[in-house]
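Trainee: I would like to learn how to read a few features of a fold. Where do we begin?

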Amino acid sequence: MQAVFLDKGTFSDGIDLPAPAGVSDYITYNDTPKDTDLIIERCKDADIIITNKVQIGAEVIAGLPKLKLIQLTATGMNNVDQAACDKHGVALYNVAGYAVKSVPEHTFMLMLTAMRAGIHYHQKVADGTWLANGNFCLLDIPLIDLEDKTLGIIGIGTIGKRVTKIARAFGMTVLWAEHQGRTPRSDEYTAFDEVLARADVISLHCPLNEQTEHLVNKDTLAKMSKQPLIVNVARGGVVDSQALTDAINNEQIIGYASDVFEQEPIADNDPLLSLSDHPRVIFSPHNAWGSKSAQETLWQILSKQVADFIDNPQTTND
């Protein structure tokens with residue numbers, strides 16, 4: 001079996017990514033441009049494609065008659081034409097459950113940095129502002145504690161539940177948001193609009209789909225009566241970037257901490273970049289998932305899935 005890894009460079013240097021058991025011919029590329037002909041050329045003899053974010057469209061799948069499996073190194077599957085996979089009998093696997101520690105911890109890194117203006121204060125130490133001020137401490141931006149604050153979580157999966165556990169350890173009250181427009185399914189959930197109105201911090205952990213695209217928009221932002229911090233470790237498209245930027249500038253919300261963006265890498269004309277110097281705005285480059293431990297766990301899960309598929313091509317990725 002030949003396996004081609006199209007974008008090995010999406011993993012950190014130093015992470016061991018050996019060929020899964022059963023793969024006899026293992027070819028890796030650090031990255032692969034968005035070029036249909038090039039992808040087909042690189043994968044023409046491949047039984048298995050391994051990729052994180054390379055776009056695998058219908059033309060690519062149709063042009064690779066030997067292809068049996070596309071194995072993603074991520075949970076999201078939006079970059080592969082799933083209908084084309086079905087049409088040509090190509091299995092499509094993703095990997096889930098590898099970042100259940102990494103993403104929640106990153107969530108709180110973003111949250112704490114924004115609430116305590118961490119980047120702002122780091123810069124004031126580094127650029128000499130504190131020295132010029134002369135006082136033993138500098139407190140020009142208020143530090144906000146998490147204890148006794150209300151956290152609204154949108155997206156209650158494994159990660160949302162772990163964020164809940166950590167938040168309660170900080171002494172926060174946690175509200176789980178029901179889907180927009182629906183009656184809460186149980187006492188554990190709170191109506192969507194009520195969460196918007198009551199939360200001091202809103203943390204996004206939902207998938208991007210037709211129901212959640214631009215879920216945070218001009219209308220929903222207007223319902224956030226407590227000027228919350230918004231944390232986004234879901235997908236960039238869950239937030240309307242222009243509406244969010246306007247809400248910061250109009251002081252509807254106190255800040256924004258995000259690991260994800262509508263275009264990645266972030267476009268140079270994304271309105272969010274105009275907020276870069278705001279003391280309660282912090283961005284990270286879509287790496288919340290990628291602690292060393294999470295990357296190693298991901299590869300272990302992936303390797304087992306590929307090996308199982310080779311042993312039994314009918315295996316499904318549940």
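Trainee: In what order do the 7 strands of the open sheet lie?

Mentor: First, this is a predicted model: local features need pLDDT of at least 70, side-chain atom pairs count only at pLDDT 80 or more, and totals for chains, interfaces and linings use all residues. Residues are numbered from 1 along each chain as its sequence is written, and side-chain values use heavy atoms, with hydrogens and water left out. Strands of a sheet pair through backbone hydrogen bonds, either parallel or antiparallel. Here the order is β8-β7-β6-β9-β10-β11-β12, with parallel pairing. The edge strands, β8 (189-190) and β12, each pair on one side only. Strands (E, at least two residues) and helices (H or I, at least four) are DSSP runs, numbered from the N terminus; two strands pair if DSSP finds at least two bridges between them.

Trainee: Over how many bridges do β7 and β8 pair?

Mentor: Strand β7 (residues 173-177) pairs with β8 over 2 bridges, and Ala177 stands opposite Thr190 in β8.

Trainee: Why is α4 described as largely enclosed?

Mentor: Buried means under 20% relative accessible area, exposed over 50%, partly exposed in between (1.4 Å probe, protein chains only). Because 11 of the 14 residues of α4 are buried, the helix is largely enclosed by the rest of the structure. Among the buried residues are His106 and Leu110.

Trainee: Where is Ser284, and what does its side chain touch?

Mentor: Ser284 is in the loop between β12 (281-283) and α11 (292-311). Its side chain makes a polar contact (N or O atoms within 3.5 Å, one able to donate a hydrogen and the other to accept it; residues adjacent in sequence count only if both atoms are side-chain atoms) with the side chain of Asp259, at 2.6 Å.
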